[in-house]
Each structure stands twice: as C-alpha cells, then as structure tokens.
Amino acid sequence: MTSVGPRKGVVFTFARHPNSGSTQQKPPPPPPPSTSPRRRTTVNPSIPRREQHAHVRFILVVDTIVSITLDMDSSTENQVTSKPTGLRPPTKIQLPSSPVLSRSNGLTEMTAAAANSRSAMAPPPLNAATKHKPSNLPEPDAKQRKTLAERAGEPHNSKIAAPSSSRQAYTNGRQGSANGANGFSASMSRVPSNRAPKHNPGKSLGNSVGHHGSRAPSAHNNYGGARPKSSYSNHQRSKSHHQSYRPATSMTHHAQNDEPERKVYDDARVSSLEAQFQALREQMETDVSKQGNLKESIKLYETKNAELEATCTQYRTALDEHKTDIRDLRGLVSTANMELEALRRSHSFEVDDLRRKHRSEVEDLEDRNRKITERSRRDNDEEVRKVQRELELEAERTLKAHSEQLAEMEKRLKTELEEERAKRLQEAQEFQAEFVAKLRDAGVEADAKNREAQLLQGELTNVKAELDRERTLKNGLQAQLTESATLTLTLEASNKAMKEKIHFLESDSQAQSTEFNNLHARMQKAIEEAELANEKLRQEETLRRKLHNQVQELKGNIRVMCRVRPKHDAETDPAKIEFPDSDADSKEVAVKGPEKTSAMGNVTTQMYSYAFDRVFSPASQNSEVFEEISQLVQSALDGYNVCIFCYGQTGSGKTFTMSSQDGMIPRATAQIYSEAQRLEAKGWRYQMEGSFVEVYNETYNDLLGRSEDLDKKKIEVRHDTAKKQTVLENAVSVPLDGPDRVEEILSRADKNRTVAATKANMRSSRSHSVFILKLRGENSITGEKSEGTLNLVDLAGSERLEHSKAEGARLKETQNINKSLSCLGDVINALGSAKEGTHIPYRNSKLTYLLQYSLGGNSKTLMFVMVSPLQAHLQETVTSLKFATKVHNTHIGTAKKQTKT
Ligand SMILES: Nc1ncnc2c1ncn2[C@@H]1O[C@H](COP(=O)(O)OP(=O)(O)OP(=O)(O)O)[C@@H](O)[C@H]1O
C-alpha cells in the first residue's frame with residue numbers, strides 16, 4: 001500500500017496495511033524506518049544551518065518528484081482499481097485504517113514510536129550523520145573502506161534495511177541495481193551512523209543518482225511484476241540516498257567560508273539534484289512503462305481468472321449434475337433394495353407355503369400309504385384265509401373225490417369180479433358140461449384164468465395200496481387241518497387270555513392305585529406319628545437328662561468307689577479284706593489290720609471298715625465298674641465336666657481299671673460314640689477330640705507326641721475363665737472319628753511311656769496320666785449347644801517314703817507324686833469346706849492346675865480308690881482308704897451344665 005501526504009508535505013511515508021499481505025501481488029517490503037526530515041532540519045540545532053537549508057531545498061525538489069509520481073500512480077491505481085477484476089482490491093482502500101497516515105490531517109508526521117514499530121532497527125541519534133561527516137577529518141583508508149556501490153553488492157548490507165526475511169528477499173532482489181538506495185537508507189533510516197561514512201566520498205551524489213537511474217529495468221521484475229508501488233519505495237530510498245550522500249563536510253565547510261562559496265555550492269548541489277531529478281524522472285517513465293506491462297499482466301491474469309472461474313462454474317455445474325445423478329442412483333438403489341427385499345419376502349412366503357404344502361402332502365401320502373399298507377395287510381390276511389379255506393375245501397373235495405373214486409372202483413371191481421366169477425362159473429359149468437373131455441384144457445384154461453385172476457388180484461392189491469396212500473394223504477391233510485384248527489383254537493384262547501389279562505390288569509391298576517393311595521395315606525400318618533414320637537422322644541430325652549443329672553447331683557458331685565483287685569497266683573500273704581454287704585450293690589469294705597499283742601499277751605486284730613458309694617470286690621469285672629460310671633460319662637455328653645480318677649498305691653490296679661483293653665477309657669469312648677450316634681436321630685451332632693498328657697515330676701508331657709519329645713516339648717496349660725475350659729497348648733489333639741481311634745491313642749501313649757521308662761523306673765507308675773476327651777455337641781432342631789469334658793486320670797502310685805526307701809531320682813519322683821496327691825487332697829478338702837469365694841489351691845501342683853475345671857463346683861468327680869489285696873500293702877491300703885473316706889465325706893457344690901441355646 002502506498003500512502004502519500006499532501007504534495008507540500010515534508011514527510012512521505014509508504015505504509016502498508018497488514019491485511020494487504022494476502023493479495024496475490026507480493027507487496028513491497030516496508031520502507032526502512034525514517035524520521036521526519038522536518039524534525040531533523042527544524043528541531044535539531046546541531047545540524048549546520050547551511051546543510052539544513054540544502055536539505056530543505058532538496059526536500060522540495062524531491063517532493064515535487066514525488067507529487068509527479070503520485071499523480072502518475074494515483075491515476076494508474078485508479079485505472080487499475082476501477083476495473084472489475086477478480087483480484088483482491090488494492091490495498092489503498094484500507095488507507096484510512098493505517099496507523100501511520102491520516103488523510104484528515106494531511107501529511108502526518110510519523111512519530112518515532114510508529115517508525116520504530118515499523119522497523120527492527122533502532123533509530124540512530126539525530127546527529128549521527130553529522131558526527132561522521134566532519135569535513136576536516138581525514139577520510140579513512142581506501143583499502144579499509146568500501147564504496148557504497150561495493151557494499152551494495154555485499155549481502156550483509158541489505159540487512160540494514162531489511163529486518164524481516166521478506167524484506168531481505170526484497171532487498172537482495174534489488175541489490176544489484178540499488179546500491180545508491182542503500183546508501184540513502186543508511187542516512188535516512190536509523191541505520192547506525194558508522195555505516196554512513198563508508199560510502200566513497202569520491203563518488204558524487206549525481207553519480208549515485210545516475211547509478212540509481214541506470215538500474216536495469218529487470219530489477220523491478222524482482223518485485224514480482226505486480227508491485228505497482230515500487231517506485232514510491234524508490235523515491236523514499238532516493239531521498240534517503242540524497243541525504244545519506246549529502247556531503248556534510250562541505251556543508252560544514254560552507255558554514256565556515258563566505259557566502260559566495262556557499263551559493264556556488266548550493267547551485268552545484270541544486271544542479272546535481274536536478275540531474276538526479278531527471279534521472280528519477282526517467283526512472284519513473286520506465287516504471288510507468290513497466291506499470292503498463294504489469295497492467296497487461298493483470299489483465300492477462302484477470303482473463304485467466306475469468307476462464308478459471310468459468311471452468312470452476314462448469315465443474316460446479318457438472319458436480320451438481322453428478323450429485324443429482326448420484327441422488328437418483330441412490331434412490332434407484334434403495335428402490336431396487338426395497339423391491340429385492342419385497343421379492344425376498346414374497347419368495348420366503350412362497351417357500352414357506354411350498355414347505356407347508358409339501359409337508360401336508362407328505363403327511364397325506366404317509367397317511368395314504370399307511371392306509372394302503374393296512375388295507376393290503378388286511379387283504380393279504382383275507383387272501384391267506386381265503387386260500388386256506390379254498391385249500392381246505394380243495395382238500396375236502398379231493399378227499400371226497402378220491403373216496404368216491406375208490407368206492408366206485410371198488411364197486412366196479414367187485415361188480416366185475418362178480419360178473420367175471422359168475423361168467424367163469426357159468427363157463428366152467430358149461431365147460432364141465434360141454435368139455436368133460438376137455439377137462440385138462442379146461443383146467444389149463446382155468447389155470448390161465450386163475451393166473452389172470454391173480455393178476456387181477458395183484459391189480460386189486462395195487463389199487464388197494466393206492467387207496468391206502470390216498471387215505472394216508474387224507475389222514476395227513478386231516479391232521480394238518482386239525483393242527484391248524486388246534487392252532488387257531490390256541491391262538492384264540494391266547495387272544496382271549498390276553499384280553500382277559502388286559503382287562504384284569506386294567507382293573508388291577510385301579511385297585512393298585514387305590515391301594516397305593518391308602519398306603520401313602522397310612523405312610524403319611526405313620527410319618528406324622530413318628531414325628532410326634534420323635535418329638536416326644538426329644539422331650540423325654542431332655543427330661544431324662546434333667547432327671548439323670550438331678551440323680552447325679554443327689555448322689556453328690558464327688559463320689560468315691562473302691563475296687564479291690566484280685567490276688568495273682570504268684571502272690572502270697574493276702575490281706576484280710578471283707579465285704580460286709582456282699583450283695584450286688586456293695587458299699588462297704590473292711591480291712592483287717594495288723595495283729596496287735598496286748599500286754600496281757602492277747603493277740604487282737606482290728607477291723608477297719610469303710611463305706612463308699614460303691615465297693616467292687618476282686619471278682620468284679622471292668623464291665624460292672626463301667627456300669628456304675630456310665631451315667632457320669634453320659635453327663636459329659638450332656639455338657640458337664642466330668643473327672644474320673646484312680647487313686648491307690650503302686651500295683652493296686654489303677655492302670656488295669658482305667659487303660660486296659662476293656663478299661664474305663666475304651667468303654668467310655670465307646671459309650672460316647674454309641675450315645676452320640678443315638679442322639680443324632682434327635683438332632684445332636686458331636687465333635688470329639690482326645691488328648692493324652694502326663695504329669696511327671698511336675699512337668700506336663702504329651703503322650704501323643706513323638707517319643708523323643710516326651711521330656712523336651714513343653715506343654716502349657718491355659719484356662720479360659722469365661723468358658724471355664726482348659727486349653728492345652730502345644731499338645732497333640734486327635735479328632736476321634738471312631739471308637740477304634742482310642743486303641744491307637746492308648747497304644748501310642750503306652751509306647752511313649754515305655755520308651756521313657758528305665759529298668760529302675762516304670763514310667764507309668766511314676767507319673768499321672770490324664771486322658772482328656774472334649775465333647776462339643778449341637779442340636780440342629782432345638783438349637784441347643786453343649787460343651788463337656790471327660791477327664792480320665794490314672795494317678796501315680798502313692799507311696800510312703802519310709803516304706804519305699806527311695807533315693808535320688810526315685811526320691812524326687814516320690815516326693816513330687818506325694819506332693820501332687822497331697823495337693824489333690826487339699827483341693828478336694830478346700831472345695832468341700834470352702835465357702836463361696838474362698839481360695840482353692842489349684843496352682844499348688846501341676847495335677848490340680850490341669851484339673852481345675854474338672855474338680856469343683858462346675859464338674860462331676862468320681863474317685864476310684866484302688867486296693868491291693870496283699871498284706872504287705874496293708875498300711876498303704878489303709879492310708880488310701882482313709883484318704884478316700886475323707887474325699888467321700890466332702891460335699892462339693894452343685895455341678896453346672898455347660899449348655900447354651
Ligand atoms: N481287677 C483286676 N483283675 C485282674 N488283674 C488285675 C486287676 N487289677 C489289677 N490287675 C493286675 O495287677 C497288676 C497291677 O495292676 P496295675 O498295673 O493296673 O496297677 P497300678 O495301680 O496301675 O500300678 P502302677 O501304679 O504301678 O501303675 C497288673 O498285672 C494287672 O493286670
């Protein structure tokens with residue numbers, strides 16, 4: 001875009017609207033920044049007056065040139081813009097929006113800021129030009145300095161006036177012919193002043209202008225040929241060029257010399273400028289001619305553009321037609337699709353109809369075929385029957401014909417025979433009469449006749465044989481007929497029987513159904529009755545448990561029974577033990593004490609009598625003993641803690657009673673299993689776990705663990721005070737899923753004890769063994785839960801130290817045994833005498849600590865006091881019996897059932 005101020009203005013500026021860059025014509029690069037010459041000439045006092053004057057004159061001249069050019073350009077522009085072309089309108093239309101120029105104000109000065117914004121180059125100081133133009137200073141060395149024309153050929157020079165790449169291209173395009181302009185730019189623009197003096201002062205301004213004017217027209221082609229405002233750019237540059245080449249030194253010199261010299265100088269300067277003007281004019285003419293070329297080019301382009309538009313319109317029309325065709329085709333395709341779909345549908349309907357028709361035809365054919373088959377079968381049967389009948393008739397007919405034929409033949413033969421005989425007789429008589437002489441001949445003839453008769457007889461025999469055959473045949477046919485008739489009769493009978501059977505079965509099915517319903521009803525009734533009975537049983541069971549435990553409570557929660565083992569054959573010197581009430585329910589035992597000799601010499605013996613809950617004589621069996629304790633075992637299933645222990649001296653039969661093959665432990669577990677199974681019908685399910693530990697020298701050992709760990713593995717006993725249960729930590733617990741498992745447990749425990757035993761120490765005698773059976777039951781019907789524990793304890797043999805004379809390890813064992821037994825007595829004693837809240841010394845021994853919840857108020861305890869039958873053990877026997885009596889006399893609080901609902 002080109003914008004020019006009024007003709008008489010001081011500043012002219014080439015401004016370009018930013019939007020104009022989109023035109024096809026490549027715009028000229030923005031002019032280099034320039035400052036107002038007026039400002040320079042009028043404001044800056046540092047410039048010599050003569051020089052300023054020369055500037056003014058120069059500007060006036062230039063202004064004139066510009067105005068001429070503007071007239072030409074504007075007319076050209078008007079011509080161009082008035083033509084209706086398809087090209088973008090010239091950028092001149094956007095002049096009013098230019099921030100640089102305002103027509104309302106006439107020629108507006110470009111402010112420094114505006115100028116800066118249009119150039120990347122900083123404006124040089126105003127006096128920069130003068131600073132480098134001292135006339136009195138020596139010129140720089142020619143070798144070091146380059147002429148402006150030389151520098152114009154250097155690529156870097158163009159950068160001075162081209163801050164952007166586009167400007168660079170533009171400048172480079174021009175550099176071959178616009179060296180002078182570069183020189184102007186260096187002066188007019190804000191190119192640093194140190195570049196300005198680099199021009200060769202030897203070259204005059206006229207040379208520069210002339211050089212400028214001699215710029216080849218082809219240089220303008222570098223602007224793209226469509227840039228009509230390039231001449232203005234040249235103008236501006238020419239002005240700058242003028243200023244740049246203004247010989248400041250001469251101006252300075254004039255200022256210092258007299259006036260005539262200055263005038264000469266000015267004239268020279270004016271003439272130079274005029275020459276320059278002439279050159280510029282030529283240049284402008286050239287530009288005008290170029291402009292004409294450009295206009296032609298524009299016209300050409302317009303024509304091409306019009307052609308292209310026409311082509312475009314044709315293409316658009318063709319495109320629209322194609323689109324219409326495509327739409328039509330789509331419509332046709334959719335119509336065809338719809339028709340195809342309709343055809344497919346009708347075809348599928350037809351196929352379905354055909355299928356249905358075919359199916360019905362096939363069914364008809366099958367039906368017809370069936371009927372035909374049925375009919376043919378019936379016809380066949382009928383035919384067979386008919387043939388059979390015909391055969392029978394034929395047979396009858398044949399038989400009848402044969403019979404008739406035979407009878408006729410026989411009759412004929414008889415007749416013939418009779419006739420022949422009569423004839424022969426007549427002939428014989430005739431011959432007798434006639435041929436007496438001929439008797440021999442007649443005899444011969446008779447013989448012949450006889451032979452003939454014999455032949456006839458043979459023939460008759462043959463006929464008879466034939467008749468016999470016919471008869472045989474007839475008989476055979478009759479037999480066949482009879483057989484067929486029999487078969488028919490049999491089949492008919494069978495058919496009848498089958499019909500009767502079907503009839504019977506049909507009638508029987510109804511009877512059976514009725515019977516089944518009756519049975520079902522009876523079964524339902526029986527089930528209901530069974531349910532009622534079960535319910536009643538459950539109630540009975542609950543009542544039984546209640547009553548049973550009431551009885552147990554009445555019997556006391558600690559009971560003592562005494563068992564005297566039998567004497568072995570090898571054992572002599574039996575003690576005198578009596579059983580005063582020798583009935584089936586013995587409760588007393590009397591032991592005859594040692595003989596005592598009085599001072600008078602009388603030998604007396606004292607009888608010690610003891611009464612317990614039950615006394616078992618040596619003849620009693622384990623089964624009898626178990627009968628007495630089975631109720632307690634039942635209590636464990638009912639949710640009680642039960643403790644049964646055997647107390648007595650060594651060899652008194654504790655292990656035999658407790659752990660032998662038919663001892664209390666196997667029997668108790670067997671009973672628990674059978675009872676648990678019985679209770680399953682009442683909704684109870686039990687889980688059973690067994691542990692077996694021993695207390696040896698006040699240490700717990702696991703008898704079900706590995707034998708090598710017997711004295712090494714530490715077992716901890718923990719008490720759950722809330723649940724009143726004892727937990728054995730680190731001890732093996734075996735789930736008892738069958739009574740046979742008890743044998744396994746007992747043999748494993750026995751093996752461990754045997755391994756641990758030494759010759760001098762039978763381990764089983766020197767330790768307390770405790771079999772613990774935990775029973776957890778749950779009733780799925782009533783929702784009851786129970787947790788009981790059965791403890792079966794085989795205590796170590798009690799011994800008196802003075803009697804055993806034990807030393808060393810045995811002494812320690814004995815002391816520990818006696819201590820724990822003493823503690824057991826203390827606990828029982830405390831339980832019997834204690835008021836509520838009194839301390840029970842369970843912790844005084846490992847044994848009582850282990851049995852804490854199985855001794856006392858929450859449990860049922862049974863003590864077997866085992867008695868040796870030997871006199872040698874009498875003292876120990878009496879001690880044991882006394883201890884047992886003490887326990888027996890103890891009343892321990894009421895047991896509590898561990899049940900939940
Ligand atoms: N009721 C009995 N019938 C037959 N034999 C018995 C009976 N009671 C014990 N015996 C036998 O007496 C012997 C000693 O019995 P047992 O080992 O049971 O005594 P113990 O009190 O366990 O001895 P320890 O305290 O040393 O273990 C064994 O041989 C045993 O078979």
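Modeller: One definition to begin: two strands pair if DSSP finds at least two bridges between them. Bear in mind that this is a predicted model.

Biologist: How many bridges join strand S3 to strand S4?

Modeller: S3 spans residues 588-597 and S4 spans residues 603-611. The two run antiparallel. The bridges that join them number eight.

Biologist: Which residue takes a positive phi in the hairpin of S3 and S4?

Modeller: The hairpin has five residues between the strands. One phi there is positive, near 90 degrees. The residue is Gly601.

Biologist: Which are the edge strands of the open sheet?

Modeller: The sheet has three strands in the order S2-S3-S4, with antiparallel pairing. An edge strand here pairs on one side only. That describes strand S2 (577-578) and S4.

Biologist: At what angle to S3 does helix H23 run?

Modeller: H23 covers residues 874-888. The helix lies across both S3 and S4. Its angle to S3 is about 135 degrees.

Biologist: Which helix gives the largest share of the shell around the ligand?

Modeller: The ligand is surrounded by 15 residues, the closest being Arg565, Gly653, Thr655, Ser765 and Gly797. Two elements give two or more residues to this shell: helix H16 (654-659) and helix H19 (763-766). The largest share is three residues, and it comes from H16.

Biologist: How many residues of that shell are polar?

Modeller: Four residues of the shell are nonpolar. Two are charged. The polar ones number nine.

Biologist: How far apart are the end C-alpha atoms of residues 291-325?

Modeller: An unreviewed UniProt entry annotates this stretch as "coiled-coil region", along with 355-480 and 516-557. In the model, residues 291-325 are 100% helix and 0% strand. The end C-alpha atoms are apart by 49 Å.

Biologist: What is the mean pLDDT of the protein?

Modeller: Stretches where pLDDT stays under 50 include residues 1-48 and residues 68-255. Where pLDDT is low, the predicted coordinates should not be read in detail. Across the protein, 66% of residues reach 70 or more, and the mean is 72.

Methods
Residues numbered from 1 in each chain as written. Predicted model: local features only at pLDDT ≥ 70, side-chain atom pairs only at ≥ 80, totals over all residues. Helix = DSSP H or I, 4+ residues; strand = E, 2+ residues; numbered from the N terminus. Near = placed C-beta within 6 Å. Nonpolar A, V, L, I, M, F, W, Y, C, P; charged D, E, K, R; others polar. Contact = placed C-beta atoms within 7 Å. Axes fitted to C-alpha atoms, helices over the stretch in contact; angles between N-to-C directions. UniProt positions renumbered as here; feature names shortened; annotations may be inferred. pLDDT = per-residue confidence, 0-100.
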